Amino acid sequence: MKALDELTFDNRFARLGDAFSTHVLPEPLDEPRLVVASNAAMALLDLDPAVAETPVFAELFSGHTLWAEAEPRAMVYSGHQFGGYTPQLGDGRGLLLGEVYNAAGEHWDLHLKGAGMTPYSRMGDGRAVLRSSIREFLASEALHALGIPSSRALCVIGSSTPVWREKQERGAMVLRLAPSHIRFGHFEYFYYTKKPEQQAELAKHVLNLHYPECREQPEPYLAMFREIVERNAEMIAKWQAYGFCHGVMNTDNMSILGITFDFGPFAFLDDFDAHFICNHSDHEGRYSFSNQVPIGQWNLSALAQALTPFISVDALKEALGLYLPLYQAHYLDLMRRRLGLTTAEDDDQKLVEQLLKLMQNSGVDYTLFFRRLGDESAALAVARLRDDFVDLAGFDAWAELYKARVARDGDYSEEQRRTRMHAVNPLYILRNYLAQNAIAAAESGDYSEVRRLHEVLSKPFEEQAGMEQYAQRPPDWGKHLEISCSS
Ligand code: AMP
Ligand code: MG
């Protein structure tokens, strides 16, 4: 295990030069203090978890000091925001500090969010508040624990620096980790600014470093785009299966790696609601829960447009055509497993759709329903869950189909069923109100709740003693919390 000063840097993106990013030093926060750190993320850098408690850790990740080998850069990109093209965006409040590689040879970008103004700050102050930093931290690590590809978070550092939002809050920084911070919007930027040389350099960079296996294919860039389509289809299938709503699926928030990225007003569903809009600035519901599926394809089309210098339009269209069938296959596979099924039948899609409709009409808790369904035999479980539904006749009809389907699926014990289902149906999910409780405590200087919640969510499938309060439906106040875009 390594000490903080033993990290090994190799800043590959910085070496692309000034057309791609600008050197900017972080602007330190006052009186930095550790709010929370992720031991699992520390392990990605081979860091000894004990270093998180040292003063130099808080100084490094609040902009006071830097490694000699770090090269802090603000990246330039653009993107489609809510469907309209914005010609220039970029890291307005975050800096790529450098790239570190671990003993296993994996590279990790260290990205410090909330690090102050950059040439891309536009009207913003370059800051992030404690509230949004905690939300990003918790979501990154919780998604990862659920098996949903995501950027990771090393730590949140709080401070006494005042930051003005609707009211005065405190500045914080979150250290984000990802194998790359390149977004769809990077490609769009060089395409729409008509910089073919830089665009070719970017494409080569992504291919060589992040999709090296595609170089073996007859058309490497096409193979790479196909892989991006496949990864997005799988990621979004997992969002839908677990009730994750991203909230701002602008193309500048879509990772070229197919990982969940750039968290804003995200939410996990409490009650199942296909039309749920977690971002209260999203008046049209462009990024509503069920719209995430077609928007995934829309975003990939925007990327495809930016890749037309490298790939024929016909080939791009064909690759885009893979998205929906792949999405559906992944989604159905996951939902079958959530229902405890091990085999596939043609009508399974219908079985899932009927259930979701019933859940929607009755406002059934999405996470707890599946968890309880696996607690006992299908017959006992549906009998117990019946009370949660308003349309009893509708539920009974579904339950009969389900029990018959389970009987056809195979002969296994209640114990086998429980083990298998609990391994895919989390008991704990990052509910907005749980995050809100942790944030309220942290804002008054008590970080124990954030740390506990993070701990619970790092093992979402395992029932943890004394943690019953994290496996409850939200209280009324916690159901419709308003979360806005950038904070
Ligand atoms: P987001 O909605 O967080 O993905 O941000 C969209 C764009 O606005 C990105 O270019 C961000 O860097 C920038 N941005 C968001 N918040 C701030 C802020 N407080 N200060 C400067 N830039 C910001
Ligand atoms: Mg963003």
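Author: Phe-272, Phe-289, Tyr-366, Phe-369, Phe-370, Phe-389, Phe-395, Trp-398 and Tyr-402 make up one aromatic cluster. The model is predicted, so local features need pLDDT of at least 70 and side-chain atom pairs count only at pLDDT 80 or more, while totals for chains, interfaces and linings use all residues. Residues are numbered from 1 along each chain as its sequence is written, and side-chain values use heavy atoms, leaving out hydrogens and water.

Reader: What makes Tyr-85 and Tyr-192 an aromatic pair, and why is it called tilted?

Author: Rings of Phe, Tyr and Trp (its six-membered ring) pair if their centres lie within 6.5 Å; planes under 30 degrees apart are stacked, over 60 edge-to-face and the rest tilted. Tyr-85 and Tyr-192 are 4.4 Å centre to centre with 45° between the planes, so the pair is tilted.

Reader: Why is Tyr-85 called partly exposed?

Author: Buried means under 20% relative accessible area, exposed over 50%, and partly exposed in between (1.4 Å probe, protein chains only). Tyr-85 has 27% relative accessibility, so it counts as partly exposed. Tyr-192, at 33%, is partly exposed too.

Reader: How do you know that Tyr-327 and Tyr-331 are stacked?

Author: Their ring centres are 5.7 Å apart and their planes at 15°, so the pair is stacked. Both Tyr-327 and Tyr-331 are buried.

Reader: What makes Arg-286 lie over the face of Trp-298?

Author: A charge sits over a ring if NZ of Lys or CZ of Arg is within 6 Å of the ring centre and within 35 degrees of the ring normal. Arg-286 lies over the face of Trp-298, at 4.6 Å from the ring centre.

Technical notes
Chains are lettered from A and ligands numbered from 1 in the order in which they are written.
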